Amino acid sequence: MLRSNLPNAVFCIILVALVLSPSILSAHAVTPTYLPAVTPGQFAQYKALKYSCQSSFPEICQSFATSLNDTTYDATQIVGVSGSSVTLELISIYKNGTGAHTGALVNVATGASNVTAFSQNTGDYFLLAGGLVALDKIWDTPSARTFNKTITEMVVGSLRNVNFLNFTVPGFYMGISYSQSFNFAFDQSSGFLIEINSSLRTSIPGILELEFAISMVDNNVWGSAHVPDFNLSADPTSINATASTSGNSTITLHRLNGFSATVSLTATTSSNVISCSVSPNSLPMGGGSDKSTLSCRGSPGTYSVMVEGNGGYSRHSTPITVTVSAAQKPAQPASTLSMPLIYGGIGIAVVVAALVAFLFLRRRPSGAVVGLGDGSTPATQVQILTPI
């Protein structure tokens, strides 16, 4: 089972049985070349297609059911290839919206892997060398098993040559013996695992009867699958703030290729004199908003802020520039010798002038007559009449 948390019991039993079981040796006319036939970026998706469990101890079946049925899908992605070694990423997306991943280094020539079972044995059954056929050993080691047959089958919408590895082995775990049958299928050309069918029976009736099947449901080797993923964007990408007010940017999560996991958000700043937060800091799968708000404030200066989204097996980030200005000083009140006072002074002067003119006219001399000359007279003529 291609899960990122391989220590669960089902997969431990599988790996232990495969590693400890006796080999089936056979000769083949053509010596195969044990090299990877994959390239970085290729991947395959898997789902549990069958599961049944009966046990007199309900907690045993519950454990198996949780490990098999709690995932939406699993995937194996090729990260790098060097000689006979391949770096893989084992991805799981769980039904509760979380996701996880783990790295694996496998050697298609020896079967060596850093994925362990019970921390005692290792074995690579995620990917085999390409171009192998029936009666070839799955690894180039003396104890390696051999393929039982190679036939053509329809796999993910295409006819593919498929190598089968079928066997039954005994086992012993925590004082209980068991017998487990395995039916593996691998794509001949790429070496990708296609399917696992397995059944397990304990020697004591009623302890455990388990059957499950895990199958490839899509890939990008000959299929059209894309790894479900996401990215982030910020609007605006440059924000302004002051020492007393915060600057904001809207962070938007874009879900790609059916990505459904919950994404947690964090903000990292280039200096500890500025603080930033995102709210909400978790964007759950399905039904909720895929937007969050970044808020920043701090001391004057220009800073870079990185908002990172963690989807469990995938991380992406978006940068924002934050400029903090000093707080503006409040406007000063006008001087007491301001324009209102000036205008008031002018108004008082006008009133005083009008009052003077009025009093002057009221004090005209008795008997005085003011005569106005004609238009040709250059100046006003005033004649003083003497009383009779």
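What handedness does the link of Cys 53 and Cys 61 have, left-handed or right-handed? With -80 degrees about the S-S bond, this link is left-handed. Before we follow it into the rest of the fold, a word on the model.

What you see is a predicted model, in which local features need pLDDT of at least 70 and side-chain atom pairs count only at pLDDT 80 or more, while totals for chains, interfaces and linings use all residues. Residues are numbered from 1 along each chain as its sequence is written, and side-chain values use heavy atoms, with hydrogens and water left out.

Let's take the whole chain to start with. The protein chain holds three helices and 20 strands, where helices (H or I, at least four residues) and strands (E, at least two) are DSSP runs numbered from the N terminus. Of its 388 residues, 39% are buried; buried means under 20% relative accessible area, exposed over 50%, and partly exposed in between, using a 1.4 Å probe and protein chains only. The chain exposes about 20,400 Å², and carbon and sulfur atoms supply 58% of that area (accessible areas come from the Shrake-Rupley method with a 1.4 Å probe; for residues, only the protein chains shown count as cover). Among contacts (heavy atoms within 4.5 Å) between residues at least 6 apart in sequence, 58% join residues at least 24 apart.

Now find the open sheet of nine strands, whose order is 4-3-2-1-11-10-9-8-7 with antiparallel pairing. Strand 4 (99–107) and strand 7 (149–155) stand at the edges with a single partner strand each, so one side of each has no neighbour in the sheet. From one strand to the next the twist averages 25 degrees, with axes taken as lines fitted to C-alpha atoms (for helices over the stretch in contact) and angles running from 0 to 180 degrees between N-to-C directions. Strands of a sheet pair through backbone hydrogen bonds, either parallel or antiparallel. Here, two strands pair if DSSP finds at least two bridges between them.

Strand 1 (residues 43–54) pairs with strand 11 in the antiparallel sense over ten bridges, and Cys 53 stands opposite Leu 210 of strand 11. Strand 10 (residues 193–202) also pairs with strand 11 in the antiparallel sense, over seven bridges, with Ser 215 of strand 11 as the bridge partner of Glu 195. Strands 10 and 11 form a hairpin with six residues between them, and in its turn Gly 206 has a positive phi of about 90 degrees. Elsewhere in the sheet, strand 2 (residues 71–82) and strand 3 (residues 85–94) pair in the antiparallel sense over ten bridges; Ala 75 has Ile 91 in strand 3 as its bridge partner.

That brings us back to the cysteines. Taking a disulfide as a pair of cysteine sulfur atoms within 2.5 Å, the count comes to two disulfides. In Cys 53 and Cys 61 the sulfur atoms are 2.0 Å apart, and Cys 61 counts as buried at 12% relative accessibility. The sulfur atoms of Cys 276 and Cys 296 are 2.1 Å apart. The torsion about their S-S bond is about 120 degrees, so this disulfide is right-handed. The pair links distant parts of the chain, 20 residues apart: Cys 276 in strand 16 (residues 274–279) and Cys 296 in strand 18 (residues 291–298). Cys 276 is buried at 17% relative accessibility, and Cys 296 is buried with a relative accessible area of 0%. Numbered in sequence order, the bonded cysteines pair as 1-2, 3-4.
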